[in-house]
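Please consider the following model with attention to its aromatic rings and to the pairing of its strands.

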Amino acid sequence: MHAWESIQKTLDYIEDNIGDEILIESLAKTASLSMFYYQRLFARLVKKPVREYIKLRRLARACKSLTSKRHYITDIGVEYGFGSRETFSRAFKETYGLSPSEYRDKPVGLNHFDKPDLLLNYVMVDEGIPLAHEGIILEYNRKTLHEPIHFLGVKDFWRFQSGKMLGERTEVSEPSIIWQRFFNVLSDIPCIPCGRWVGVSYHGGAPDGYSTYFVGAEVEPTVIDSADERFASWQLPAREYIVCEYEAENFNQLMDSLGKMMKFTRFWLRKHGLTADGFFPEIHYNNFTSVGYAYMEMWIPFKARK
């Protein structure tokens with residue numbers, strides 16, 4: 001058994017027993033490693049100490065229960081392994097910057113530390129060959145866009161943490177707030193019928209420590225110049241791309257796996273001697289309910305790694 005497989009067994013165990021007392025001694029035994037080597041290997045592969053990881057996964061799971069007001073906050077905390085409301089609230093606020101009650105009263109998008117799928121650090125697929133993993137199907141293809149695609153929507157600056165990808169950050173999701181602004185004005189945008197939506201992060205004159213994030217709907221280029229001043233525009237330039245296609249049974253499953261898929265995409269590009277060139281747009285198709293599954297693409301401009 002590979003070392004990563006031993007750690008993955010314990011990640012699965014933690015997820016299946018998230019509300020119970022979880023002893024590091026038991027996890028090390030499950031991995032067939034000494035306490036010392038288990039904790040060392042876990043931190044290396046997961047990028048978090050074991051106890052910190054367990055806390056973050058408990059909080060991530062508890063967030064889904066907090067969106068419903070059918071259960072007391074104290075009961076939710078106990079269900080996910082926190083001994084009291086005070087302990088739960090303190091851990092929640094230290095991690096996300098707001099209390100469980102504040103989150104329940106005014107829900108916002110939160111970024112969580114995802115359960116890693118360590119297999120994705122070691123599996124490689126060629127272009128045009130789909131990879132199926134835990135209900136997600138992804139495929140990479142090289143495509144040339146001959147005409148730019150134009151989008152109209154909203155943008156803002158958001159704090160960018162270099163070195164931490166989606167699925168490794170725990171914070172209020174500022175891009176999700178910009179997405180909500182977009183949905184609030186979507187009816188006022190002269191969209192192409194059944195057109196695409198985009199969410200993209202790029203520099204765009206953002207101050208140090210920030211990135212620009214744009215969310216928009218596909219429009220005809222002729223409407224850009226006469227657009228309402230409330231709106232910003234962005235275009236996907238004509239050039240060659242690696243198009244990463246993601247498919248899942250439902251939208252929530254797709255979004256929950258996005259961080260893992262983005263991490264694998266960076267791994268895939270690196271193994272093929274490529275790197276993303278400037279931006280990393282997510283293209284969403286808003287007709288997923290009519291086709292019976294959720295689908296999105298990332299159109300990654302690329303260049304050869306030096």
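In which sense do strand 4 and strand 8 pair, and over how many bridges? In this predicted model, strand 4 (residues 149-159) and strand 8 run antiparallel to each other and are joined by five bridges. Within this pairing, His150 is found opposite Gln235 of strand 8. Gln235 belongs, with Ser233, to the uncovered face of strand 8 (residues 232-236), whereas Ala232, Trp234 and Leu236 make up the covered face.

The aromatic rings form a second theme. A pair of rings is described by the distance between the centres and the angle between the planes. The model contains 23 aromatic pairs. In one of them, Phe42 and Tyr53, the ring centres are 5.5 Å apart and the planes stand at 65°; because an angle over 60 degrees counts as edge-to-face, this pair is classed as edge-to-face. The two residues are eleven positions apart and connect distant parts of the chain, with Phe42 in helix 3 (residues 35-46) and Tyr53 in helix 4 (residues 50-66). Phe42 has a relative accessibility of 0% and therefore counts as buried. Tyr53 is likewise buried, its relative accessible area being 0%.

Phe82 and Phe88 provide another pair: their ring centres lie 5.3 Å apart with the planes at 40°, so the arrangement is tilted. Phe82 and Phe88 are both buried. These two residues also belong to one aromatic cluster, together with Phe92, Tyr96 and Tyr103.

A ring may also be faced by a charged side chain. Arg266 is positioned over the face of Phe280, at 4.8 Å from the ring centre.

Terms used. Residues numbered from 1 in each chain as written. Predicted model: local features only at pLDDT ≥ 70, side-chain atom pairs only at ≥ 80, totals over all residues. Heavy atoms only, no water. Phe/Tyr/Trp six-rings, centres within 6.5 Å; stacked < 30°, edge-to-face > 60°. Helix = DSSP H or I, 4+ residues; strand = E, 2+ residues; numbered from the N terminus. Buried < 20%, exposed > 50% of the residue type's maximum accessible area, 1.4 Å probe, protein only. Lys NZ or Arg CZ within 6 Å of the ring centre and 35° of its normal. Pairing = 2+ DSSP bridges.
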